[in-house]
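These notes are meant for a colleague who is opening this structure for the first time. Please keep the sequence and the model side by side while reading the numbered points.

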Amino acid sequence: MSVRLIDIRKEFPDPEREGGIMNAVLGMNLEIKDGEFLTLLGPSGCGKTTTLRMIAGFESPTEGEIWIGGEKVNDVPPNKRDTTMVFQSYAIFPHMSVAQNVGFGLELKGRPKAEIASEVDKVMRVMGIAELGRRRPDQLSGGQQQRVALARAVVNKPRVLLFDEPLSNLDAKLRETMRVEIRRIQQTFGITSVYVTHDQAEAMTVSDRIVVMEKGRVMQVGTPFEVYSRPNCRFVADFIGKVNLFPVRIAAVADGPEGVAGTVRDSSGRLLPVGSFGAGIGVGDEAFLTIRPESLKLGAGLPGEVGLGESVELGTGKVTKAVYLGSLVEYEIDSGGDKPIQAVSYDPIDSRFYKVGERVSFSYAARAAHVLRKD
Ligand SMILES: Nc1ncnc2c1ncn2[C@@H]1O[C@H](COP(=O)(O)OP(=O)(O)OP(=O)(O)O)[C@@H](O)[C@H]1O
Ligand SMILES: [Mg+2]
């Protein structure tokens, strides 16, 4: 079922100012397609939970319309919206068995016993908890409890599933397993889902599209690739992972060889090829060349050494930090700018390991360079 938010604003009394108001959500327009998995991502307090609660009907927007399918639901109470919310505290009933927990919603709807048993059995099988039906919740691990909560949500086949940081109580390893699981379940049942998290990796794993929010506003809506590799503003680029920013001026916007969208001039006047431009950028504009740490290639600091193939040499500097993490090494390089350059080298056993104090050069492939408006 599709969900539409039209010009939504939600105000609360401002706790800081007597009689004042603050907008928790402002000017939000969103269309969530039928069967889509959409994630609201953003820092604490940006309005994610408020948005979710408005879709569920636990809060009403101060202004704007909410549509589920062909129905405007502003005045429809939560229990008539056919949405189900999954929370971080799973709220499964401690005195009921797993199977009873999963079947609870169907029982409330007065479904025949045989139908409940077969639906519960089917969902538990998909969830990988079929053999746990007779256990009580206190006899389950955290991950198993989360699966029960999910099973209980999907067994009702709601029109929309709403998730508010459902994995934040789990340890890192389990979170990774469960986010793949959540995606699989959502795809199996094809239920339109809105998911809230402030964990960017989680958002990238589960989503068809991600909505990046800041201070109640939508900053960008896009696929995981778009928000990570083609951010439209500095906030999005910074929030989703790390990024190196180099001040530049746009020299040419044109169709070059594959993966080259134009050229920019750096502060020393050198012409550099870039792979893509954000919206609203024209020749002569001041802008930022952005390159993710994993897209910077390091070399031993001898001119020409890394300028091989399609790499464009960008500069040199001194390694100030080298953190070995097994599968990768994280570097910081001082090249005279206000901030250190960040670089990541994967599979370190197969490449050179640079030490603190060593001089390195760094280069990039044009297609990995994205240009952002300076705002
Ligand atoms: N009932 C309320 N009364 C007053 N202010 C509120 C209320 N609920 C939320 N807010 C404020 O609205 C803003 C958005 O809150 P919201 O809970 O939607 O944030 P969030 O993005 O879910 O954050 P988090 O990641 O910390 O859960 C915050 O500034 C919050 O303090
Ligand atoms: Mg929240």
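1. Six residues of domain 1 are in contact with seven residues of domain 2, where contact requires C-beta atoms, placed from the backbone, to lie within 7 Å. On the side of domain 1 that touches domain 2 there are two nonpolar, two polar and two charged residues; here Ala, Val, Leu, Ile, Met, Phe, Trp, Tyr, Cys and Pro count as nonpolar, Asp, Glu, Lys and Arg as charged, and the others, Gly among them, as polar. Domain 1 covers 3-234 and domain 2 covers 242-373, with bounds that come from an automatic or database domain assignment. The centres of the two domains, taken over C-alpha atoms, are separated by 38 Å.

2. A word on conventions: this is a predicted model, in which local features need pLDDT of at least 70 and side-chain atom pairs count only at pLDDT 80 or more, while totals for chains, interfaces and linings use all residues. Residues are numbered from 1 along each chain as its sequence is written, and chains are lettered from A and ligands numbered from 1 in the order in which they are written.

3. Which residues surround ligand 1? The shell consists of F12, A24, G42, S44, G45, C46, G47, K48, T49, T50 and H198, a residue being counted as near if its C-beta atom, placed from the backbone, lies within 6 Å. By class, this shell holds three nonpolar, seven polar and one charged residues. Helix α1 (residues 48-56) contributes the most to the shell, with three residues; helices (H or I, at least four residues) and strands (E, at least two) are DSSP runs, numbered from the N terminus.

4. Strand β1 (residues 3-13) includes V3, which counts as buried because 24 C-beta neighbours lie inside 10 Å. The scale calls a residue buried if 20 or more other C-beta atoms, placed from the backbone, lie within 10 Å of its own, exposed if 12 or fewer, and partly exposed in between. Leaving aside residues up to four places away in sequence, V3 touches I32, I55, W67, I68, V160, T192 and V194.

5. Strand β1 also holds D7, whose phi is near 45 degrees, a positive value in a residue other than glycine. With 12 C-beta neighbours inside 10 Å, D7 counts as exposed. For background, most residues other than glycine have a negative phi.

6. I6 has E65 in β4 as its bridge partner. β4 in turn pairs with strand β5 (residues 71-72) in the antiparallel sense over two bridges, and the partner of W67 there is K72. These two strands, β4 and β5, form a hairpin with two residues between them, and G69 in the turn has a positive phi of about 60 degrees.

7. Helix α5 (residues 172-189) has 18 residues and reaches 26 Å from its first C-alpha to its last, close to the 26 Å expected at 1.5 Å a residue, the expected span being 1.5 Å times one less than the number of residues. Its buried residues are R175, M178, R179, E181, I182, I185 and Q186. They pack against β3 (37-41), α3 (113-127), α4 (142-155), β8 (192-197) and α6 (200-206). Just after α5, G190 takes a positive phi of about 65 degrees.

Note on methods
Two residues are in contact if their C-beta atoms, placed from the backbone, lie within 7 Å. Two strands pair if DSSP finds at least two bridges between them.
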